[in-house]
Amino acid sequence: MLLYVILYRNLGVRNIKKTIEYHDSTLDLQIFDASGKPENQHALKEYYEKVSGVFLVFSLTDRSSFNSVKTWMDTLQKDLSLATPIVLVGNKQDVGEKIVSPEDINQITEEYKIKYYEVSAKENIKVTELFLGLVHQIRTGHSGKGTPRHQLKRQGIHPIRRPNI
């Protein structure tokens with residue numbers, strides 16, 4: 001299972017493997033970790049056909065990282081399959097002073113109909129729940145953005161890429 005992770009940090013692009021337990025099975029996840037820099041957007045498109053889900057990560061302590069979420073969401077929704085789940089992730093939950101407000105986060109999650117998790121990667125707070133939540137969305141065929149994939153297929157509709165408008 002290939003997962004996208006788009007981060008606010010400037011570490012470049014790297015691949016990570018993670019194994020998790022999900023409903024009595026062991027899943028090997030391949031995670032494509034890409035910095036959220038705009039110049040990386042064109043390089044990421046080659047993975048769009050293979051990706052099963054996306055973590056869009058911003059820092060709760062960095063307003064500029066949150067400000068790029070809407071641009072990334074518009075790009076992802078244009079280029080990914082309708083059925084690909086995207087999860088918004090606020091990192092640095094462990095830090096006392098947060099700059100991004102819950103109201104701003106709610107506005108994004110409601111506008112794009114996506115799930116939100118608040119985690120601390122440094123302290124490993126809610127990271128497992130984050131991965132399990134996305135894997136559950138992938139396995140149940142529910143992107144969080146509308147009708148579950150399996151219901152679409154029963155109706156004779158096969159999720160396709162959005163047209164470029």
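# Close-up views of a predicted model

**View 1. The whole chain in outline.** Along the sequence, the order of elements is β-β-β-α-β-α-α-β-α-β-α-α. That gives six helices and six strands. The model is predicted. The chain has 165 residues, and 44% of them count as buried.

**View 2. Helices α3 and α4 pack together.** Helix α3 covers residues 69-79, and helix α4 covers residues 102-112. Their axes lie 11 Å apart. The angle between them is about 10 degrees, and angles under 35 degrees count as roughly parallel. The two helices, α3 and α4, are therefore roughly parallel to each other. The crossing of α3 past α4 is right-handed.

**View 3. Side by side: the residues where α3 meets α4.** From α3 come Val69, Lys70, Met73, Asp74 and Gln77. From α4 come Ile108, Glu111 and Tyr112. Sorted by class, the contact of α3 with α4 holds four nonpolar, one polar and three charged residues.

**View 4. The largest nonpolar core.** This core has 18 residues. Phe58, Val69 and Leu88 touch the most other members. Two or more residues come from each of β4 (53-59), α3, β5 (86-91) and α4. Helix α3 gives the largest share of this core, four residues.

**View 5. The surroundings of Leu88.** Neighbours within four places in sequence are left aside here. Leu88 is then in contact with Leu56, Phe58 and Val69, among others. Its contacts also include Ile105, Ile108 and Thr109. Further along the chain, Leu88 is in contact with Ile114, Lys115, Tyr116 and Tyr117.

**View 6. Phe66 in helix α2.** Phe66 sits in helix α2, residues 63-67. Its relative accessibility is 6%. Buried means under 20%, so Phe66 counts as buried. With neighbours within four places in sequence left aside, Phe66 is in contact with Phe58, Val100, Asp104, Ile105 and Ile108. Ile99 is 33 residues from Phe66 along the chain, and their C-alpha atoms are separated by 9.5 Å.

**View 7. Val57 in strand β4.** Val57 belongs to strand β4. It has a relative accessible area of 11%. The cut-off for buried is under 20%, so Val57 is buried. Gly90 is 33 residues from Val57 along the chain. The C-alpha atoms of Val57 and Gly90 are separated by 6.0 Å.

**View 8. Two loop residues with positive phi.** Asp24 lies in the loop between β2 (13-22) and β3 (25-35). Its phi is near 65 degrees, a positive value in a residue other than glycine. Asp24 has 87% relative accessibility. Exposed means over 50%, so Asp24 counts as exposed. Lys113 is in the loop between α4 and β6 (115-118). The phi of Lys113 is near 55 degrees, again positive in a residue other than glycine. With a relative accessible area of 52%, Lys113 is exposed.

Key
Residues numbered from 1 in each chain as written. Predicted model: local features only at pLDDT ≥ 70, side-chain atom pairs only at ≥ 80, totals over all residues. Heavy atoms only, no water. Axes fitted to C-alpha atoms, helices over the stretch in contact; angles between N-to-C directions. Parallel < 35°, antiparallel > 145°, perpendicular 65-115°, else oblique. Left-handed = near helix turned anticlockwise from the far one by under 90°. Contact = heavy atoms within 4.5 Å. Nonpolar A, V, L, I, M, F, W, Y, C, P; charged D, E, K, R; others polar. Core = buried A, V, L, I, M, F, W, Y, C linked by side-chain atoms within 4.5 Å. Buried < 20%, exposed > 50% of the residue type's maximum accessible area, 1.4 Å probe, protein only.
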